[in-house]
Amino acid sequence: MRFDVNCSILFTQLPLLERPAAAKAAGFDAVEFWWPFDTAVPDDRQVDAFIDAIRNAGVRLVGLNFADDIPEGGRGLAGRPGDVKRFRDNLDVAVGIAGRLGCQALNALYGNNADPDLALENLALAARKAAAIDAVVLVEALNAYESPTYPLVSVKAATDVIEAVGRPNVRFLCDLYHLARMGEDLRAALAHPLTGHVQIADAPGRGRPGSGTLPLAELLQVPVQVTLMGKGSIPDDHPLHSGMTGIQTSQRYGNASFLESDLVLALGARFGDRHTGALDVYRGERTFIHVDIEPTQLGKVFEPDLGIVSDTGLFLRAMIDLVKARGITRAPSAWVERVRDLRRTLTRREDFDDIPVKAPRVYKEINDFFDEDTYFVTAIGLYQIWGGQHQKAFKPRRYQVCGQAGPLGWEIPAAIGVKKAAPDAQVVGVVGDYGFQYLVEELAVAAQYDVPFVLVMLNNEYLGLIRQASLPYEMNYQVDIHYDEYGTDNVKIMEAYGCAGVRVFDPAEIRSSLEWATKEAARTSRPVLVEIMIEREANTPHGLSIDAVREFEPLPAEV
Ligand SMILES: Cc1ncc(C[n+]2csc(CCOP(=O)(O)OP(=O)(O)O)c2C)c(N)n1
Ligand SMILES: [Mg+2]
C-alpha cells in the first residue's frame, strides 16, 4: 500500500501500543507517529515496548517526530533556545528507534518563536545523526491560523531553511492540509524537488472528514436538495438550494421543484418512506442515478436507472475532474430560475402572533436568534417535523437529528456529546414535552460535569405525533398528558437537577428568553430550558404522497 496512517492523529481512542495493530487491521502496512513518549528520553522498557508493538503488528514505521511538545500545545523544539538540551538529548533515542525499525524519515518541527540560527545548528546536527541510518530529516510548514507564532508557514520559508542547512538528507514535509489553508499551489508543492514526505488531511476541517467543498452543483448549475439527515450540507441560503422533499419534513417549494425535475442524482440517500411517500408519484417519469458506498442500498427501495457503488466524495471529485477536463462551464439556466421562483413563492407562514404560540413561530425565533455555527440536536415528534420544515442550517453537522423514527429522549445525551466534542460551540437541543422526559436523568450528568447547552421545548402537553397519526382513525386515546393547569412543570424538573429554566406563553418573549438561556447556560455551565407553551392540538403539514401534502395553517398570500 502506498499510504501510511499517522497513529498520533487516527486510532487515538486506543492506547498507544494497540494502535499499530489497529492500523494493520484497517488495511495499512505502514504507520507514522509524532513523538510517542512523555519525555524526550524514555527508558529502555518503554522504547522496547513501542518497537515490539510495531513489529508484532506487522507494520513498518515510515515516519517519526523527534521529541516534540505537541501535547502541550507547542510546535516542536528544533529552534527553541529553552529546549536545546531536550532536543539534543533526544536525537540519539529517536534515531535509535528509527534505526531499529528501518524508519527513514524523522520530522524535526521548527518550534514556535524559533531562533533561526539555533534551528539551523540543531537541524544540521539532527541531519548528521540521521545520515548514519540513511534517514532524512523533515522540515514542515504549518498554517498561520492555527500556529501564529510558528515561523515556517509557506513552502518557500521551509525550503529556504532546508537550503540553508545545506545537507542532502534534509527534506520538505509537504502537509497538504496546512498548505491548502495557506492558499499554496498544492501541485507545485508536491512537485518541489525538496519534497520528501507528504501528509494528507481534509481542509478546512482536519480531523473532520468531508469538510472540504466539492462544488459540482456550482459547476453544472444544478439545484440541490437535502434530506433531513443532510440538512446543512449546503447552506440554506445557497442560490442553488431548493429545500427538502418529503411527506413530512419538507417544504412546499421542495416538493414542487422535485415534482418538476426530470433527473435525480441521489448521493448517499436511502429513499426512506417519509422522504418518498407514494413511490409512483415520487418516481414519475424521472431518471434516477443512485450513488452509495453500500451496495445493498442500490435498488433496495426501487431500481435506479443507474446505480454506482462509490464513496460520494470520490464520486464528486471524479465528476468535477471530468467537468473540468471537458471544459464545461454553465450559467444558471431557466430551470434554476424556475426553482428559485418556487422557493420564493411556495413558502409557509411563520409570523404568527397567537397565544398559545404556533410552532412555526418558534422556529422563526430560533433561526433569527442563533447564528450559523450553532449546533442543533433534535429527536422525534411533531417538533422534529416542524423543525425539518422551518429550521435553517448553513453548515455541515450543525443540524443533527437521530433519524426520522428514532429514539425519543436522544437530545440531552446528544447535546452532552456535541458539547464535549466541540467545547466552544453553542449547542441547542430542540425537544418535545414528552420525549424530554425519556432520558431526563442525563441532566444530572450535564450538571455534574459542567456541560452547558440550551434546551428549547415545544410543549403541547401531548404525544403530538401520535395524536396526529391517530386522526384518520378518529382516535385521541392516551396521548393527552394535560392535567391541572399546565401539566408537568418542566422548569421545576430543571431546578430539581440544579439547572434553570423559564416558561414562555407569549411569542414576543421567545427571543429574550433564548438570550437569557444562552447567557445563563454560559454563566452556570449547565443546561438551561426555554419551555414554550404551544397550541395543544396543532398539526404539522403531512400527506401520503409528495403531491398531496395537507396544510393546516393559512398559507402566505402567493406573490
Ligand atoms: C423510545 C421511543 N418510544 C416511542 C416512540 C414513538 N413516538 C414518536 S413521537 C412520540 C410522541 C412525542 O411526543 P413529544 O415529545 O411531546 O413531541 P410532539 O409530537 O408532541 O411534538 C412517540 C411516543 C419513539 N420514537 N421512541
Ligand atoms: Mg408534545
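This is a predicted model: local features need pLDDT of at least 70, side-chain atom pairs count only at pLDDT 80 or more; totals for chains, interfaces and linings use all residues.

Colleague: Which side chain does Arg-349 meet in a salt bridge?

Modeller: Asp-351, at 2.9 Å from N to O. Asp-351 has 44% relative accessibility, so this residue is partly exposed too.

Colleague: How many salt bridges does the count come to?

Modeller: The count is 30 salt bridges.

Colleague: What about Arg-361 and Asp-353, what's the N to O distance there?

Modeller: Their side chains form a salt bridge at 3.0 Å. Asp-353 is exposed, because its relative accessibility is 60%. Arg-361 is buried, with a relative accessible area of 11%.

Colleague: Which other residue forms a salt bridge with Arg-361?

Modeller: Glu-365. The closest N and O atoms are 2.7 Å apart. Both residues sit in helix H14 (residues 359-369), and they are four residues apart, so about one helical turn separates them.

Colleague: Is Glu-365 buried or exposed?

Modeller: Glu-365 is buried, at 8% relative accessibility.

Colleague: Which residues are linked in a network of salt bridges?

Modeller: Glu-72, Arg-80, Asp-83 and Arg-86.

Colleague: Switching to the metal. What coordinates the magnesium ion (ligand 2)?

Modeller: Asp-433 through OD, Asn-460 through OD1 and Tyr-462 through O. The distances run from 2.1 to 2.2 Å.

Colleague: How are those donor residues spaced in sequence?

Modeller: The spacing is D-x26-N-x1-Y.

Colleague: And Asn-460, buried or exposed?

Modeller: Asn-460 is buried, because its relative accessible area is 5% and the cut-off for buried is under 20%. Tyr-462 is buried as well, at 3%.

Colleague: On to rings. How many aromatic pairs does the structure hold?

Modeller: There are 16 aromatic pairs. One of them joins Phe-33 and Phe-50, edge-to-face, with 5.0 Å centre to centre and 80° between the planes. That pair links distant parts of the chain. Phe-33 is in strand S2 (residues 30-33), Phe-50 is in helix H2 (residues 44-57), and they are 17 residues apart.

Colleague: Are Phe-33 and Phe-50 buried or exposed?

Modeller: Both Phe-33 and Phe-50 are buried. Another edge-to-face pair is Phe-271 with Phe-288, at 5.9 Å centre to centre and 85° between the planes.

Colleague: Where do Phe-271 and Phe-288 lie?

Modeller: Phe-271 is in the loop between strand S10 (263-267) and helix H10 (273-276). Phe-288 is in strand S11 (residues 287-292), so the pair ties together parts 17 residues apart in sequence. Phe-271 and Phe-288 are both buried.

Colleague: Last topic, the surface. Which residues make the nonpolar patch?

Modeller: Phe-3, Leu-190, Val-198 and Ile-200 make a nonpolar surface patch of about 360 Å². Leu-190 lies in helix H7 (residues 186-191).

Colleague: Why does Leu-190 count as partly exposed?

Modeller: Because its relative accessibility is 40%, and partly exposed falls between the 20% limit for buried and the 50% limit for exposed.

Definitions and conventions. Residues are numbered from 1 along each chain as its sequence is written. Chains are lettered from A and ligands numbered from 1 in the order in which they are written. Side-chain values use heavy atoms; hydrogens and water are left out. Patches are made of residues with over 30% relative accessible area and no salt bridge: like charges are joined within 9 Å, nonpolar side chains (Val, Leu, Ile, Met, Phe, Trp, Tyr) within 5 Å. Accessible areas come from the Shrake-Rupley method with a 1.4 Å probe; for residues, only the protein chains shown count as cover. A salt bridge is a side-chain nitrogen of Lys or Arg within 4 Å of a carboxyl oxygen of Asp or Glu. Helices (H or I, at least four residues) and strands (E, at least two) are DSSP runs, numbered from the N terminus. Buried means under 20% relative accessible area, exposed over 50%, partly exposed in between (1.4 Å probe, protein chains only). Rings of Phe, Tyr and Trp (its six-membered ring) pair if their centres lie within 6.5 Å; planes under 30 degrees apart count as stacked, over 60 as edge-to-face and the rest as tilted. Donors are N, O and S atoms within 2.8 Å of the metal (3.2 Å for Na, K and Ca); water is not among the atoms, so sites may look incomplete.
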